[in-house]
Amino acid sequence: MKFYVTSQSNSGAFPIPNEGPWLSFFEKIMDSGHKIVSLEEDPDVIVFMNNHPQLLKKITREKSKAKKVLVLWEPIVTRPSNYGKYINKFDHIFSPSPLWISGEKVTYFLWPQGPKTRVNSLWVDWEKREDKILLFQSNKFSFTKGELYSLRRKVVKKCGDSLILYGVGWGNPIRITVELSKSLYRHLRFGKPTRFTFPKAIFVNPINNGGYSNDKMRLLGKSRYSLVIENSADYVSEKLFEAAVMGNIAIYVGPPLELFGIPKIAVQAGPSVESICDAIYKLRKNEFEVHQILLNLESYLNSENYSKMQNDRVLANLASSVISFVKEDGTSAS
């Protein structure tokens with residue numbers, strides 16, 4: 001069979017990398033006897049990494065025999081077009097969260113995580129670490145209900161003296177206006193009117209703003225805590241595990257971790273400023289809970305369950321699942 005794979009950000013082809021976890025996705029397809037081709041070579045299967053509505057309409061019109069597979073990488077609050085009116089045009093959908101979409105033609109996969117780095121005696125250097133709470137987050141906006149960007153801004157405004165923020169777009173009226181306009185356009189074009197909401201606490205100037213940093217993992221490894229608020233409370237992304245592998249305890253706002261088979265490797269807070277600030281205060285006073293979470297981290301990062309989440313393994317399995325679906329659906333080899 002001939003496969004065309006789109007980029008996650010646009011409808012252009014996903015370039016086959018020379019190294020890194022995504023190489024395992026393409027190698028699995030090619031090692032199974034299939035080809036990666038361009039759109040002009042009449043692919044049998046078109047794998048959409050996120051929905052690209054204009055390409056979907058073009059493919060539906062011009063290449064009706066090609067199987068169309070959608071792999072979701074963004075929730076509705078971030079990318080409304082993933083869940084627009086054309087989603088029923090796909091033959092199968094792969095999602096990393098059961099809270100994003102459900103149905104007979106949906107298959108779930110694990111969110112790919114980076115390799116474990118520090119997994120032994122995480123508490124040994126605990127007292128040597130800086131007693132800081134880090135938040136890595138650029139200032140973003142969404143007009144779709146369920147967004148947690150507004151909560152981040154509220155927390156920065158209320159508890160900013162307890163946080164060190166790393167990210168861009170804060171306190172810049174011009175950039176904020178541009179980002180608001182882009183987000184509103186996305187919702188008006190692809191979002192559902194019944195899910196409209198207006199962002200809160202739009203203009204916030206952080207007290208402790210470290211600006212952009214490309215040294216996230218080292219900073220996490222030097223500090224005791226971080227605040228991790230997902231874009232929406234319907235999936236578990238890499239943000240939590242970036243803290244976990246560095247022995248950094250996260251105050252986490254997202255879906256219940258047990259729903260995704262993850263033990264207590266963080267302090268889970270509710271989606272409110274009061275719950276988050278309370279969790280921060282109590283954690284700093286509870287050394288027993290700190291040690292227990294670090295023990296849980298060690299155990300989990302050394303487990304087979306976490307090994308299954310390694311990015312190269314997840315992406316290879318995802319490619320296998322796509323191939324299996326297409327074969328079962330009766331697409332002939334080329």
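At what angle do helix α1 and helix α10 pack, and how far apart are their axes? In this predicted model, in which local features need pLDDT of at least 70, side-chain atom pairs count only at pLDDT 80 or more, and totals for chains, interfaces and linings use all residues, helix α1 (residues 22–31) and helix α10 (residues 311–328) pack at about 30°, with their axes 7 Å apart. Residues are numbered from 1 along each chain as its sequence is written, and side-chain values use heavy atoms, with hydrogens and water left out. Helices (H or I, at least four residues) and strands (E, at least two) are DSSP runs numbered from the N terminus; axes are lines fitted to C-alpha atoms, for helices over the stretch in contact, and angles run from 0 to 180 degrees between N-to-C directions.

The helices α1 and α10 are therefore roughly parallel to each other (angles under 35 degrees count as roughly parallel, over 145 as roughly antiparallel, 65 to 115 as roughly perpendicular and the rest as oblique). The crossing of α1 past α10 is right-handed, the near helix being turned clockwise from the far one by less than a right angle. Contact (heavy atoms within 4.5 Å) involves W22, S24, F25, K28 and I29 of α1, together with D312, L315, A316, L318, A319, S320 and I323 of α10. By class, eight nonpolar, two polar and two charged residues form this contact of α1 with α10; Ala, Val, Leu, Ile, Met, Phe, Trp, Tyr, Cys and Pro count as nonpolar, Asp, Glu, Lys and Arg as charged, and the others, Gly among them, as polar.

The crossing of α3 and α7 is right-handed, and the contact draws on L151, K154, V155, K158 and C159 of α3 and V273, I276 and C277 of α7. Six of these contact residues are nonpolar, none polar and two charged.

Grid points are joined across faces, edges and corners, and a volume is the space filled by probe spheres set on the points.

The largest pocket has a volume of about 640 Å³. Among its 26 lining residues, Q137, K140, N231, E238 and K239 are the closest to its centre. Helix α6 (residues 238–245) gives the most to this lining, with three residues. The second largest pocket has a volume of about 260 Å³, and the closest to its centre of 18 lining residues are P112, Q113, G114, E238 and N311. Here α6 again gives the most, with four residues.

Three cavities of 30 Å³ or more were counted. The largest cavity holds about 100 Å³ of space, and its lining includes L134, F136, L220, V228 and A243. Strand β9 (223–229) is one of the elements that give two or more residues to this lining, and its four residues are the largest share. The second largest cavity has a volume of about 40 Å³; its lining comprises four nonpolar, five polar and one charged residue.

Key
On a 1 Å grid over the protein atoms alone, a cavity is a set of points where a 1.4 Å probe fits but cannot get out, and a pocket is an open set with protein on both sides within 12 Å along at least five of seven lines; lining residues have an atom within 4 Å of a point.
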